[in-house]
Structure formats: C-alpha cells, structure tokens
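Let's walk through a protein model together, one question at a time. Have the sequence and the 3D view ready.

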Amino acid sequence: FLDDWDTPFGLPPFDRIQVEHYLPAIEEGIRAQKAEIAAITGDPAPADFDNTIVALDRSGELLEKVLRVFYNLRSADTSPELQAVARKAEPLVTALEDDIRLDPGLFRRVHAVFEPRGDLDLDPVQLRLVEETHKDFVRAGAMLDDVDKTRLREINQELSKLGLQFADNVLAAVNGFELVIGDEKDLDGLDPAVIAAAAEDAAKAGHEGKWRFTLQYPSIWPFVKQST
C-alpha cells in the first residue's frame, strides 16, 4: 500500500495484497493523516482556503487508498479473517474521524475561512467546498461542549461496533439460508441443469431425493442468469 501501483488503470495488485497487510496499512494511514492535521492546526499563518480547506481535503490519501480496497473487498468477497480485521480497524477509523471533526483548533481555522467566504473571491466550486466542509464539522459535533463531545465519541464507537455486528449477522443469515424442495412439481419451469445442480447439492447436504437451493454462489447464480 505504500508503493505506487504500476498496474493497468492503477488497479490494486490483489495478487500481492494479503489479509495481514490491511491493519498495519490502516494504522500507518491513520498516523499519516494525524500528522497532516497537526500540520494544518500548527500552521502559524492565518487560516485561508489553501492552507486549511484544501489541505484538509487532501489529507488522508493513504488511509483512503487502503480503505477503498479493504471495504470493497470485504463487501464483495469477505472472509472470517477480513471480518476480524474490520472489528479491529473500525474503532480506530471512527476515533480518527472524531479526532478530526471535534478538534477545536482545526474547527476554528475552518470557521475562520467560512465566516468571510463571500469576500474571498472564491469560484462556485471552492465556495461549495468551504460550505460543505464547515457543515460536516458542525453536523459531526464541532460546536458541542467538551462533555457532549465525550458522550458523542462514546456513541460513535458503539455505533461502529453495532454496525459491524449487524453486517456480520446478516452475512451469517444469508450463508446459513437453504431452501430444500421435496416435491418435484415445485420445480416446474426451471432449467434442467438448475434442477440437476440442486439435486446434487441436496445429496451432498444429506437431503437425498430432494433439491437444495442457497443464496451462495453457485446455487443462486442460475436464477440470476434466468432473470436477466
């Protein structure tokens, strides 16, 4: 993840990326973005569009690079190992998001650009970036007092854990689903190859003389092909 990808269209080199690479890469991405944010808040120059809004917008490129690959792979081709990484990584990413949005020094700089935005000679795209950035901070709790910020962090951590738990539960339910058909009349209209595959799947699962369908590939695939 720290290398430039010399691949067609810049696609991730999935043949080189291993499960054990994700968490260290995410942790490195978090460290990098924290350093970028510290550079913004520690800048002695007055806040302006470039040194605050643009710098903030460009921060976190490494983390975003890692998470794009991780989230897409976990969604399309997850595994118990990837789920375990997610349970460790999600609280870290959530905490980073709170660290950024609830940082009073950073918000002061964002607000310092937002307040006089009409006098800064910004084009429409730049103006929208300023307004959306400020809105993101406000909606994320930047204007709360310290007590409420602490409570918000607790809620966000709990939500991140519950969200992962819910996704894992849904996946387990999908993987555990099976439809076993015992009456051949209920198969009317299905392709003979589909029926044969379902009979073979049923026999392997201990349902001799029946037909078994699941939501996992390849059992569901013939239905997808038929419907399209």
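What follows is a set of questions and answers on backbone, surface, pocket and salt bridges.

This is a predicted model, in which local features need pLDDT of at least 70 and side-chain atom pairs count only at pLDDT 80 or more, while totals for chains, interfaces and linings use all residues. Residues are numbered from 1 along each chain as its sequence is written, and side-chain values use heavy atoms, with hydrogens and water left out.

Q: Is Phe9 buried or exposed?
A: Relative accessible area decides this: buried means under 20%, exposed over 50%, and partly exposed in between, using a 1.4 Å probe and protein chains only. Phe9 has 84% relative accessibility, so its class is exposed.

Q: What is the phi of Asp121, and where is Asp121 found?
A: Asp121 is found in the loop between α5 (104-114) and α6 (124-139). Asp121 counts as exposed because its relative accessibility is 74%. The phi of Asp121 is positive, in a residue other than glycine, and lies near 55°.

Q: How many Å separate the C-alpha atoms of Phe177 and Leu164?
A: Phe177 lies in the loop between α7 and β1 (178-181), and Phe177 counts as partly exposed because its relative accessibility is 38%. Phe177 and Leu164 are 13 residues apart along the chain, and their C-alpha atoms are separated by 20 Å.

Q: What is the volume of the largest pocket?
A: On a 1 Å grid over the protein atoms alone, a pocket is an open set of points where a 1.4 Å probe fits, with protein on both sides within 12 Å along at least five of seven lines; lining residues have an atom within 4 Å of a point. Grid points are joined across faces, edges and corners, and the volume is the space filled by probe spheres set on the points. For the largest pocket, this gives about 430 Å³.

Q: Which residues lie nearest the centre of the largest pocket?
A: The helices α2 (49-58), α3 (61-76), α4 (80-101) and α6 each supply at least two residues of the lining. By class, the lining has nine nonpolar, four polar and eight charged residues (Ala, Val, Leu, Ile, Met, Phe, Trp, Tyr, Cys and Pro count as nonpolar, Asp, Glu, Lys and Arg as charged, and the others, Gly among them, as polar). Of the 21 lining residues, those nearest the centre are Gln33, Leu56, Asp57, Ser59 and Arg101.

Q: How many salt bridges does a search of the whole structure find?
A: Side chains of opposite charge can pair when their charged atoms come close. A salt bridge is a side-chain nitrogen of Lys or Arg within 4 Å of a carboxyl oxygen of Asp or Glu. The number found is twelve.

Q: Which residue forms a salt bridge with Glu64?
A: The two partners lie in helix α3, four residues apart, about one turn of the helix. With the closest N and O atoms 3.2 Å apart, the partner of Glu64 is Arg68.

Q: Which side chain meets Asp99 in a salt bridge?
A: The N to O distance is 2.8 Å, and the partner is Arg153. This pair links distant parts of the chain, 54 residues apart, with Asp99 in helix α4 and Arg153 in helix α7.
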